[in-house]
Amino acid sequence: MRAWRVLTPGPVAGGPLQACREPLPEPDDGELLVRVLACGVCRTDLHVTEGDLPVHRKHVVPGHEVVAEVIGGDLGSHSLGDRVGIPWLRSTCGQCRYCLRGDENLCPASTYTGWDADGGYAEFATVPAAFALPLPSGYDPVTLAPLLCAGIIGYRALLRAVVPPGGVLGLYGFGGSAHLTAQVALAQGIRVHVMTRGDDAQQLALDLGASSAQGAYDAPPEPLDSAILFAPAGELVPTALEALDAGGTLALAGIHLTDIPTLNYQRHLFQERTIRSVTANTRHDAREFLAFAGEHPLHVTTTPYPLDEADRALADLSAGRFAGAAVIVP
């Protein structure tokens with residue numbers, strides 16, 4: 001099969017990804033063998049490739065927004081030909097205090113697709129059957145792929161942001177995850193303001209129903225009840241906090257964030273403003289979001305790339321050359 005591996009993590013412009021040909025992966029007990037139909041390109045893939053995240057598996061195949069067809073392995077409750085999703089969360093121990101209380105995303109033994117195990121920048125992959133997700137109907141593989149991380153993590157970030165009913169939400173950054181989260185929030189009757197770079201991203205926000213769209217450091221036209229920071233830019237944290245109304249909550253949605261500048265207590269945190277991080281997701285989050293997507297058709301803005309150009313897709317993500325989400329199609 002064809003696949004891409006991270007040989008030596010470093011700036012994407014230096015070519016850290018290398019295309020290769022290799023045998024199909026062999027599934028372990030409890031794992032499915034799947035044919036990759038599409039794989040979304042996530043900013044976390046960029047962090048893995050460039051070395052922002054420490055190496056967990058040497059020469060890993062990135063990619064964790066995988067739409068696939070079951071072709072073999074330990075099927076369990078699955079059948080040959082089933083269409084399944086492979087998300088970021090790959091496994092947990094199921095026995096620690098976090099797993100037992102329903103917080104499996106905090107499991108210290110958790111593993112992740114495209115970081116601890118090979119992911120979807122390939123023609124074939126494996127996935128533990130218990131972590132393969134059922135997919136909603138009404139979407140083709142390319143539009144489904146971004147739902148499997150961008151959508152799921154955005155959904156958890158929205159939960160962590162605790163927007164009050166009919167409240168006002170600010171989104172900082174408007175890429176693959178934010179453009180899906182905005183649609184979920186709007187469907188829930190939440191008013192959305194977007195702060196992001198790029199005319200195309202701002203126009204997409206307005207087209208999807210945002211009340212306003214402006215530059216990343218601009219103030220929204222009204223105080224925010226909640227905000228979500230999708231951009232991996234710690235320097236935006238004070239800006240977002242200043243935009244919050246009293247009692248507001250800022251959720252930090254990324255797995256990686258540059259350093260946060262010094263905060264001023266009176267200006268940024270007083271009046272019971274709250275900062276919350278977002279760590280992966282649970283399978284419950286994933287199933288709940290995908291069920292929502294099945295009932296409320298989402299507009300997924302995608303830019304497809306052939307598998308042979310996976311390195312270009314990552315470079316374009318880094319440079320902000322497209323709106324929405326990039327998707328690799330073998």
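Predicted model: local features only at pLDDT ≥ 70, side-chain atom pairs only at ≥ 80, totals over all residues.
Strand E10 (residues 168–172), helix H5 (residues 176–187) and strand E11 (residues 191–195) form a right-handed β-α-β unit.

**Strand E10 and its partners**
- Strand E10 runs parallel to E11, and five bridges join the two.
- On another pairing, E10 meets strand E13 (residues 224–229), again in the parallel sense, over four bridges.
- Glycine 170 has a bridge partner in each of these strands: histidine 193 in E11 and alanine 227 in E13.
- Five of the five residues of E10 are buried.
- In a regular strand, side chains alternate between the two faces of the sheet.
- Here Val168, Gly170 and Tyr172 lie on one side of E10, Leu169 and Leu171 lie on the other, and both faces are covered.

**Proline 87**
- Look for proline 87 in the loop between strand E5 (83–86) and strand E6 (89–91).
- Proline 87 counts as buried because its relative accessibility is 4%.
- Leaving aside residues up to four places away in sequence, proline 87 touches His64, Thr113, Phe131, Leu133 and Leu148.
- Its C-alpha atom is 10.0 Å from that of alanine 280, which sits 193 residues away along the chain.

**Cysteines**
- The disulfide count is zero.
- Cysteine 96 is in no disulfide either, with the nearest cysteine sulfur, in cysteine 99, 3.7 Å away.
- Cysteine 42 is buried at 11% relative accessibility, and cysteine 96 is buried at 16%.

Note on methods: Residues numbered from 1 in each chain as written. Heavy atoms only, no water. Disulfide = S-S within 2.5 Å. Buried < 20%, exposed > 50% of the residue type's maximum accessible area, 1.4 Å probe, protein only. Contact = heavy atoms within 4.5 Å. Pairing = 2+ DSSP bridges. Right-handed = clockwise from strand over helix to strand, strands pointing away.
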